[in-house]
Amino acid sequence: MNLPKLKIGNLVAKLPVIQGGMGIGVSLSKLSSAVANEGGIGIISGAQTGFREKNFRTDNNRANVNGIIKEIKKARNLSPNGILGINILKASNNYFELVKTAVKEKIDLIISGAGLPIKLPSFVKNTKTKIVPIISSGRAAKLITKVWKKRYDYLPDAIVVEGKKAGGHLGFKKKDLDNNSIKPLKEIVKDVINVINPFEQKHNQKIPIIAAGGIYTGEDIKDFLEIGASGVQMATRFVAAEECDADIEFKKAYINATKEDICFIESPVGMPGRVIKNHFVEKYTNNNLDSVDSCYKCLKRCNPKTALFCITDALIKAVNGDTENGLIFIGENGYRVNKISTVKEIFEDIKKSFDLKKEKLNSLI
Ligand SMILES: Cc1cc2nc3c(=O)[nH]c(=O)nc-3n(C[C@H](O)[C@H](O)[C@H](O)COP(=O)(O)O)c2cc1C
């Protein structure tokens, strides 16, 4: 098997790899366009994308709309022929406005998680933008597909299945992560394929299933293609890319992190998040964080009166290089990142290890 193309409707990526959206500001126009130029699908983060705008504090909504417009235009300039998407959190307060903005800017696809994006099809009908929900169980995949078909006569253009090894917010309960009661990603992917297959048969439409969470090498990609996935979404592997939009200190924090440095916190989003231990996490653990004194009203479920910290401020500090006082999201395999490389080099390495698995299998025959 050679690394196959990834088809999402009329979009055809040369490589079956979507670079996962990383907020705040970790995957913007530079990283996404570099991935798209190598033949993958590059995803801009739609989480507080306007964090560098002057009016970010005073008019957060407008700043984010402008941020999205700028990043999409920049990425499109850097990759005129690549496939570019945006990741927009369903949990955002101004979700629909951000979606409308991205569609107006003719983004190729919108990937949306942190809640089920039930109304998403109403914003893309008769446009070129494809929509891809992120789910973490067969049950959620069936629910969203059934509801979209019934209400909007629309099937997901693809589905990202995110497992417990992913970075950032996870769609599982902290207690289930702690007691290890969550199924491995491969099993969840198989569940999703089983529940989606009848929709594909009935409506004669392919719904590509994309596996995400802990996928690091070409061999990992091969494992998921072999069980029926059409592609993978990878994020952690791209953080120490030269083209990654985060500050060099953020990349160095990845390079320096050991397995033991990676842990969970409960985020004000209402989900657990996997992060690198640092001064901030130590203060969080000891219940010693400063109280939240101002609020961007960015998240539906966050209450500044009870939130232990402001997730927006914490993520912005980290991406700007204050890696001790900010929050650094990372995937379970983040400790394997050990050097800065270009996106091209990362893809070369992925292709090499994909071929290596082929050779290993051949030598067994
Ligand atoms: C630094 C970082 C930030 C992330 N931010 C987001 C985000 O804003 N929205 C989202 O849906 N997923 C986010 N993710 C998850 C990724 O898009 C991706 O699905 C996941 O990390 C895949 O697992 P991997 O990192 O092991 O490859 C983030 C991941 C990382 C590492």
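Reply: A salt bridge is a side-chain nitrogen of Lys or Arg within 4 Å of a carboxyl oxygen of Asp or Glu. Keep in mind that this model is predicted. Here, the side chains of K74 and E71 form a salt bridge, 3.3 Å from N to O.

Me: Where do K74 and E71 lie?

Reply: Both are in helix α2, 3 residues apart, which is about one turn of the helix.

Me: Is E71 buried or exposed?

Reply: Buried means under 20% relative accessible area. E71 has 9%, so E71 is buried, whereas K74 is partly exposed at 43%.

Me: Which parts of the chain does the pair of R76 and D108 link?

Reply: First the bridge: the side chains of R76 and D108 meet at 2.8 Å, N to O. This pair links distant parts of the chain, with R76 in helix α2 and D108 in the loop between α3 (95-104) and β6 (109-112), 32 residues apart. Shared partners also join R76, D108 and K128 into one salt-bridge network.

Me: How many salt bridges are there by this rule?

Reply: The count is 17. Among them is D313 with R57, at 3.2 Å. D313 sits in helix α10 and R57 in the loop between β4 (41-45) and α2 (60-78), 256 residues apart.

Notes:
Residues numbered from 1 in each chain as written. Predicted model: local features only at pLDDT ≥ 70, side-chain atom pairs only at ≥ 80, totals over all residues. Heavy atoms only, no water. Helix = DSSP H or I, 4+ residues; strand = E, 2+ residues; numbered from the N terminus. Buried < 20%, exposed > 50% of the residue type's maximum accessible area, 1.4 Å probe, protein only.
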